[in-house]
Amino acid sequence: MNQMLQEPEAQTQLAEPQETQVRVPERDSVPDTPERPPEPAHPRFVKPQRIAFVQASWHRDVVEECRIAFLEEIEARHISRSQVDLFEVPGSFEIPLHAQLLAKTRRYTAIVAAGLVVDGGIYRHEFVADTVIKALMDVQLKTEVPVFSAVLTPQQFHESAVHHDFFRKHFVIKGIEVAEACANTLHSLERLRGQVAAGITG
């Protein structure tokens with residue numbers, strides 16, 4: 001009989017720690033993390049950087065979204081807004097000459113171009129875009145100042161609220177992308193030029 005009475009007691013004693021073990025995770029399960037994830041750590045530049053942002057004023061309300069997003073992203077990458085100079089030109093066709101003259105000043109470590117080439121129904125607009133992109137490539141190869149393009153040429157663009165809203169959002173994405181490409185290239189060139197100066201590369 002004594003044995004039978006002791007068994008429930010043993011079971012009760014074993015059950016109590018199990019209850020405690022279940023309650024502890026509930027008490028500690030409150031997350032102790034910030035609501036937003038931490039900002040990614042971007043490397044800093046060894047030398048000061050200065051960027052020229054050349055923007056076409058044609059469809060300014062759409063294209064300026066690229067500049068706004070670019071400035072926000074480039075600032076997160078340790079290039080302040082005060083280190084970015086804005087230049088406006090009438091349209092995308094006028095961008096390459098401005099880019100070339102700005103590159104020749106040696107004041108800028110990078111040049112960013114933004115514009116929108118649309119089908120006006122008179123000529124093949126993609127030819128204009130191709131010409132602008134090729135000219136920008138020629139500028140950077142001749143001057144060794146990196147030039148980045150956010151000149152877009154959509155297959156279809158109508159003067160409607162839907163299209164304006166769509167391409168404004170798309171230019172936000174392009175602004176972030178071109179800022180990322182610009183910062184990463186400047187870091188890469190900074191390392192490469194340092195290696196060349198030190199005689200590490202041929």
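Which residues does Pro146 touch, not counting residues up to four places away in sequence?

**View 1. Pro146 and the residues around it in the predicted model.** Pro146 touches Thr109, Ala110, Ile111, Gln140, Thr185, Leu186 and Leu189, leaving aside residues up to four places away in sequence, where contact means heavy atoms within 4.5 Å. This proline lies in the loop between α4 (125–143) and β4, and at 6% relative accessibility Pro146 counts as buried; buried means under 20% relative accessible area, exposed over 50%, and partly exposed in between, with a 1.4 Å probe and protein chains only. Residues are numbered from 1 along each chain as its sequence is written, and side-chain values use heavy atoms, with hydrogens and water left out.

**View 2. The chain as a whole.** The protein has five helices and four strands, which follow the pattern α-β-α-β-α-β-α-β-α along the sequence; helices (H or I, at least four residues) and strands (E, at least two) are DSSP runs, numbered from the N terminus. Buried residues make up 35% of the 202 residues. Among contacts between residues at least 6 apart in sequence, 78% join residues at least 24 apart.

**View 3. The largest nonpolar core.** A nonpolar core is a set of buried Ala, Val, Leu, Ile, Met, Phe, Trp, Tyr and Cys residues joined through side-chain atoms within 4.5 Å. The largest one holds 25 residues, of which Ile51, Phe70, Ile74, Val84, Val112 and Cys182 touch the most other members. Two or more residues each come from β1 (51–56), α2 (60–76), β3 (110–116), β4 (147–152) and α5 (161–198). A second, separate core of 20 residues includes Ile95, Ala129, Val139 and Val147.

**View 4. Ile74 in helix α2.** Ile74 is found in helix α2 and is buried, with a relative accessible area of 0%. Not counting residues up to four places away in sequence, Ile74 touches Ile51, Ile79, Val84, Ala179 and Ala183. The C-alpha atoms of Ile74 and Gly175, which are 101 residues apart along the chain, are separated by 9.4 Å.

**View 5. Two loop residues with positive phi.** Most residues other than glycine have a negative phi. His59, in the loop between β1 and α2, has a positive phi of about 55 degrees and is buried, with a relative accessible area of 13%. Arg106, in the loop between α3 (95–104) and β3, has a phi near 65 degrees, but Arg106 is exposed, with a relative accessible area of 55%.

**View 6. The lining of the largest pocket.** The lining consists of 15 residues, of which Lys47, Gln49, Thr109, Glu190 and Arg193 lie nearest the pocket centre. Helix α5 gives the largest share, five residues. On a 1 Å grid over the protein atoms alone, a pocket is an open set of points where a 1.4 Å probe fits, with protein on both sides within 12 Å along at least five of seven lines, and lining residues have an atom within 4 Å of a point.

Key: Predicted model: local features only at pLDDT ≥ 70, side-chain atom pairs only at ≥ 80, totals over all residues.
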